Amino acid sequence: MTKNLVIVESPAKAKTIEKFLGSEFIVKSCYGHIRDLAKGDEAINIKKNFEPHYEVPADKKAVVNELKKLADQSDLVWLASDEDREGEAISWHLSEVLKLKPENTRRIVFHEITKPAILKAIDNPRGIDYNLVNAQQARRVLDRLVGFELSPVLWKKIKGNLSAGRVQSVSVRLIVEREREINQFNYTSAFKVLAQFNVGGKQMEAELGKRFDTEQEAMAFLEKCNNAEFTIANLEVKPAEKSPAPPFTTSTLQQEASRKLGYNVSITMSIAQKLYEHGLITYMRTDSVNLSELAIEAAKNHIVNNFGAAYSNPKRYATKNDSAQEAHEAIRPTYFENAEIEGTPQEKKLYDLIYKRAIASQMSKARIERTIAQIKISTVNETLTATGEVLKFDGFLKMYLESTDDEGENEGSKMLPPLTVGEALQLIKLDATQRYTRPSARYTEASLVKKLEELGIGRPSTYAPTISTIQKRGYVLREDREGKERSFTILTLDGGSIKREVKTEKYGSEKSKLFPSDIGMIVTDFLSKHFDKIMDYNFTANVEKEFDEIALGQIQWNKMIEQFYTPFHKSVESTTENAERQSGERTLGVDPTSGKNVYAKVGKFGPYVQLGEGSEEEKPQYGKLLQSQRIDSITLEEALELFKLPRTIGEYQGKEVSVNVGRFGPYVKWGDNFISLQRGEELMEVDLTRAIEVINAKQTADAPVGTYNDKPITKGKGRFGPFIKWNELFINVPRAYNLDTLTQEQMNELIEKKLDKEANRFIQNWEPAKIAIENGRWGPFIRFGKKMIKIGKNPKGENIQQRS
C-alpha cells in the first residue's frame, strides 16, 4: 500500500518533485482541471443560489479513475497544485471527485520547486482555503453567465458564432477606441531646429527650445542666424542617478519579453511555466514584487562575489497593488548561482531575462553626471541647448536596463566635449526640419497587458488567456502593416547660404500591433450601447476587487453574483426584445455609372460592399473587402473597384487565370484550381506574371513527396498548420515532426494513426444520406450534413450501437 500520494497539475512538475521525495511518496499529475462547469443550461442553477454543476469531461475520466484507485490505496493524499486561486480550485475539485477524507488529506503550497521548498511545504501542510476556491468559482460562474446570456443576443442582432465576455469585451473596446483615435488624428507639423558645431575637432549637437509652425518662420530664423556668432553662455553640471527596476511580476515579464525578445504573452507564459515546473524559477503567476529574505541574501552574496561590495544594494520592494496576494514573491531564479541553464533557445533567453532583472534589482544605482550647455546666438534672443551625460558608476547597468514602449524614445544622451563659458563655437550647419505630430501608438500585446493592469482589469492568471481569446474569436488581429509615404521639408544654413530640400518618409508602419476587425468594432459598439455597465472600465475593475474580497472571506460569492445578475438579466431581456439588428452599415455614396447606392456592411462571412438595394426585380451586386480594408474607412472609389472582381488577367497553359477575394482572403483561380495569395499582397496589383509565379510555386509544393499503398502523398501548410494529404485525407503534422524533413517512415506512421482514428470514428454511417453517428471528444453525436447534434443520455441503458 502506498503511504503518500502527491497530486500536481502537470507531468513535468510531477517529475521534478519526485526527485526530491523518498520512496514513500508517489507523485502523479491530474493534467490541470479534472472537471468544469457542465455544458448548456445545466451548468448553473440560478434559482438555487447560483449553484454550479460540474462534470468530469470524457477525456479526464481515465485520469480520475487512476487517481481514485491510487488515493484509495494511500495513507495520505497531498494536494500540491499551484498556490493561486486556480490551483486552490484544482485541489478542491480533486478532493470532491476523489472523495478524499479530510483526516487523510493535506494541502501544500510552495512558490518554487526546489528540495528545501518542497520539504518545508510537507512539514507545514494546511487545509483547502475555501475563500480562494469561492473567488475562483465566482469568476467562473460570472463569466459563464455573461457569455451564455450575451452571446445569443449577438447571434440574433449581429451574426452567428459570436461571443462576448466580461474581460474580453472590455479589452476589445480598448483596441477599438485606440484605433478610432488614430484614424481621427489630425496630423500637424512644425519645424525643429538643430545645430551642429565643431568643438576642438569633435562634433556637438544643440537644439532650439522652440519649434516654428510654418516654413516661413523657420526660414526667417535661419536668415537671422546667418553670420551670427555662437558662444557658450552657461554651463550646468548636475549629478543624477538611475534606479533599477523591481524584479518581474507576471505583467512586467510579459511586457519585457515582448519588447526585448519579441515573444507574445502566450508564448512567454508557456515558457515560464516550463521553467517553473523544472525548478528553475519561482511561480510565474504573481503580482508581487517582493523577494524573500533568503533570496535577497543569496543575491547579495552573488553580487559581492562577482562584482564587488560597491555594486550591492539589497532592497525590499513594496507592491503598489493592494490586491497582490496571488503569490508571495516576484519571479526570480530559484538559485542565483545558476547564471545559465540547459534548455531550448527560447527557454534560455527568457531565463536570462528573469535572472538579470532579479540580480539588477538588488544592485546599486547608476551614478551619472549630466551637463547642460546654453548657447547664445548673437543675432536673436533665442538660445540653443546641448545636453550630454557621463556615466560615473554603472551600478545595475552592468547587468540590465529596462526597455520602454515609447516609440519615440531616443537612444540616450551623448557625451559633450570639454566646454568653457564664453567659448566661441564654430557652426557647421543649422537645420530646420519639418516634423509631424504622432497619435498614440497602437497596442502591442505587452502594452495592452500594461493598460489592463493600470485599469485594474484582470489578474495575473487572466492576461494571456484574454489576449489569446480576442484574437481567436476574430475580434482583434495581430499583424504587420505597411506605412504610407509623405513629404517633409528641410531648410539648411550651411556656408552662408540656405538650401531648401524636400524628402519623403514612411509613417504609420506597424509591426505585431493589435488591430480591431470590422466585426470587433460592430460588437463593441453594440455592447457599449446596450450593455454600458459591462463595457465600463471601472465596473470591470470593481468586479475584480470583489473577487479579491471573496478571496479574503469578506463577502459571500453567491451574493455578489446575485447583485450583478438581476439587473444584467433584465438588460439582456430588454435588448433581445427591443434592440435593432446591427450590421455596421455605412452608405458610401452613389455609383456614377448605375446611379445605385453603395453600402459597406458585415454579413455571415465577414465585411462586404453592396451595390443596389436588393429587390425581387433585381439582385444587388456584392464585393468582399480586401484584408487591408475596413468598413469604417473604405471609400466609394475603393468599393467600386471591388465590384470589378473576379478580374480575368490572362491564360496559362490553356486555362483562364483570374484573381478574386474569398472567405479566406485573396486568391488566384487557374482553371478549377484555387491558390491563396500571400498575406498582405495587394490583389489589384497582381498581374499575369505574378499569378504564374504563384501557380508554379503551388505546383512545386503539391508535388508528391512519397507514396503509401501506391497512392501519392503531398504536403502543405493550411489554416490549421502543416499537413500531409493522402487519398483525400488531410492529416495534421504535430509539432514533434518537422514538415520540411519528413521521412517516408514518419509519413507512414502519421497515415496509419489517422486510419486507426478514422476506423473508430463511426458508430453507424449512412453515407448516401450524409448521416452518421460518431464518437466525439465529449461522447457520441449525430452528424447530419454540416450539423452536429449531441446525443442525450439513454434512460434504458441501451448501447448507441443498438439503436437504428
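Me: Which residue in S33 stands opposite Asn775?

Reply: Asn775 faces Pro780 in S33. This is a predicted model, in which local features need pLDDT of at least 70, side-chain atom pairs count only at pLDDT 80 or more, and totals for chains, interfaces and linings use all residues. Residues are numbered from 1 along each chain as its sequence is written, and side-chain values use heavy atoms, with hydrogens and water left out.

Me: Why are S32 and strand S33 (residues 779–784) called paired?

Reply: Two strands pair if DSSP finds at least two bridges between them. A strand here is a DSSP run of E with at least two residues, numbered from the N terminus.

Me: What makes S19 and S22 edge strands?

Reply: The open sheet has the order S19-S20-S21-S22, with antiparallel pairing. Strand S19 (586–590) and strand S22 (621–624) each have a single partner strand, so one side of each lacks a neighbour in the sheet.

Me: Which residues have the most contacts inside the largest nonpolar core?

Reply: They are Phe110 and Leu350, in a core of 162 residues. Such a core is a set of buried (under 20% relative accessible area, 1.4 Å probe, protein chains only) Ala, Val, Leu, Ile, Met, Phe, Trp, Tyr and Cys residues joined through side-chain atoms within 4.5 Å.

Definitions and conventions. Helix = DSSP H or I, 4+ residues; strand = E, 2+ residues; numbered from the N terminus. Buried < 20%, exposed > 50% of the residue type's maximum accessible area, 1.4 Å probe, protein only.
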